[in-house]
Amino acid sequence: MTDAVNDEVIEIAGAGPAGLAAAITLARAGREVVVHEAYKEVGHRFGGDFQGLENWTSEANVLDFLANLGLTTDFNAGPGCVVTAFDAARRAYRVHSDEPLFYLVERGPGPGTLDSALLAQAQALGVEVRFESRLRQMKGEGILAAGPRAADAIAVGYHFETTMADGFWVICDDDLAPKGYAYLLIMNGKGTLKSCMFSGFKQEKLYVQRTLAAFEQLVGLEMNNPQPHGGSGNFRIPASACSGPHPRVGEQAGFQDTLWGFGMRLAIHSGVLAAQSLLTDESYDALWQRELRPQMKTSVVNRALFELLGNRGYGWFLKRQLAKPDLRASLRRQYQPSFIKRLLGPWAERRYESRRQDVTCDHIDCHCIWCRGACCAHPDQEGREG
Ligand SMILES: Cc1cc2nc3c(=O)[nH]c(=O)nc-3n(C[C@H](O)[C@H](O)[C@H](O)COP(=O)(O)OP(=O)(O)OC[C@H]3O[C@@H](n4cnc5c(N)ncnc54)[C@H](O)[C@@H]3O)c2cc1C
């Protein structure tokens, strides 16, 4: 850390997990921070949706990991130890892990959400959060944390109230969620149901209908007051995650787990790294490339392999996963770089690159999440690593 007192205000565009994690880290080091948030509240694009905070990429529990970064864990987090997965033939596989594979957290502005907890911590540290302030240009020191700039995957469905008991269910079936998975997550009388698809965006309504029907038949889905909800995800491993002098963090940089679309943890981690780079003058690119890139590169290979499976292979994959005595440790290994994964890297990246433009969507008279989202307005022209 530099010795001289630096009183320049640091601006952050975006009060998502990435921007708020950066703000907290900077404020804890005594820096003055202003966060601009385009909407009138945090987590606007998620409004009450459930998401899984993944807990397998490090041996340390993700909540301890956050605490060690100096971040609050004062949000509702339901441990995901038991998940029921179905293959395309509707065979059920019960996944059990002694330690949670993920924690279910709520997103949006309400009480107990991840976003509200991070906001409260940031404000308690003196961070100024300006709502309804869309930053268009960054002049001085600052961090770009404005969320996805392209859509490589979309997750579409509903969140709702229910009297169903808590539970987590996944279906791997290309007829419900092409190249992805359909999921149903229930906790404390609320639920979310989504088709998370990596292709077929133009037919999102059909896939959501099929997902609804499948969960009605398999687990007796009961949705009260359903609210349509969906969003896009941006996966990319950029050559540089800086725009001029400004670090890009979270999904603004394209940081996500390419296999399943878990982005919160990478968003938070990258926000902290960007803040550290401003505090220490260390290169942000060097930091994220050391800490995040190996795992992201492996997840691209994992995605390419997953896409080879198709409906006939998903059952085999799920059965194989279940045979592991310690599923969490096994998942962690799958995200570690290995000789084989490094060898497959160039093939996987070529395959994935070619799929980033969804061939099933021609963008003509289309209202899919992808065409409605930011991706078409901001075509991503930045270089990608080969
Ligand atoms: C339906 C869905 C389900 C998901 N499920 C999971 C899951 O289960 N687990 C998981 O880990 N991840 C999940 N993700 C991904 C996860 O939500 C993102 O990776 C994560 O929110 C990224 O955080 P972020 O801070 O980079 O961006 P965001 O959370 O998008 O925050 C960016 C913020 O910037 C604001 N903003 C935008 N432009 C400007 C501007 N110019 N000026 C000021 N503010 C601006 C936005 O309003 C927003 O509040 C899911 C995504 C979707 C769409």
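## Burial and overall make-up

A residue is taken as buried if 20 or more other C-beta atoms lie within 10 Å of its own, the C-beta atoms being placed from the backbone. By that criterion, buried residues account for 48% of the 386 residues in the chain of this model, which is a predicted one.

The secondary structure of the chain amounts to 10 helices and 16 strands. When contacts between residues at least 6 apart in sequence are considered, 73% of them join residues that are at least 24 apart.

In soluble globular proteins, nonpolar side chains tend to be buried together. In this chain the largest nonpolar core has 102 residues, and the members with the most contacts inside it are I12, L20, A21, A22, A23, A122 and A145. Helix α5 supplies the largest share of this core, namely nine residues.

The surroundings of A145 can be described in more detail. With its neighbours within four places in sequence left aside, A145 is in contact with I12, A13, G14, G16, A18, G19 and A22, and also with V249, G250, Q252 and G271. Two of these partners, I12 and A22, are themselves named among the core residues with the most contacts inside it.

## The shell around the ligand

Around the ligand there are 36 residues, of which G16, G147, G231, G250 and G263 come nearest. The elements giving two or more residues to this shell are α1 (17-28), β2 (33-37), β3 (50-54), β14 (224-233) and α5 (264-280). Sorted by class, the shell holds 13 nonpolar, 16 polar and seven charged residues.

Some residues link this shell with the contacts described above: G16 and G250, which are among those that come nearest to the ligand, are also in contact with A145.

## Strand pairing

An open sheet is formed by three strands in the order β3-β7-β4, with antiparallel pairing. Its edge strands are β3 and β4 (78-80), each of which pairs on one side only, and neighbouring strands are turned against each other by 35 degrees on average, direction ignored. Between β4 and β7 (residues 102-106), which run antiparallel, there are three bridges, and G80 has F102 in β7 as its bridge partner.

Elsewhere, strand β5 (residues 82-86) and strand β6 (residues 92-96) run antiparallel and are joined by five bridges, with V82 standing opposite H96 in β6. The hairpin of β5 and β6 has five residues between the strands, and in this hairpin R90 takes a positive phi near 65 degrees.

Methods:
Residues are numbered from 1 along each chain as its sequence is written. This is a predicted model: local features need pLDDT of at least 70, side-chain atom pairs count only at pLDDT 80 or more; totals for chains, interfaces and linings use all residues. A residue is near a molecule or strand if its C-beta atom, placed from the backbone, lies within 6 Å of it. Helices (H or I, at least four residues) and strands (E, at least two) are DSSP runs, numbered from the N terminus. Ala, Val, Leu, Ile, Met, Phe, Trp, Tyr, Cys and Pro count as nonpolar, Asp, Glu, Lys and Arg as charged, and the others, Gly among them, as polar. Two strands pair if DSSP finds at least two bridges between them. A residue is buried if 20 or more other C-beta atoms lie within 10 Å of its own, exposed if 12 or fewer, and partly exposed in between; C-beta atoms are placed from the backbone. Two residues are in contact if their C-beta atoms, placed from the backbone, lie within 7 Å. A nonpolar core is a set of buried Ala, Val, Leu, Ile, Met, Phe, Trp, Tyr and Cys residues joined through C-beta atoms within 7 Å. Axes are lines fitted to C-alpha atoms, for helices over the stretch in contact, and angles run from 0 to 180 degrees between N-to-C directions.
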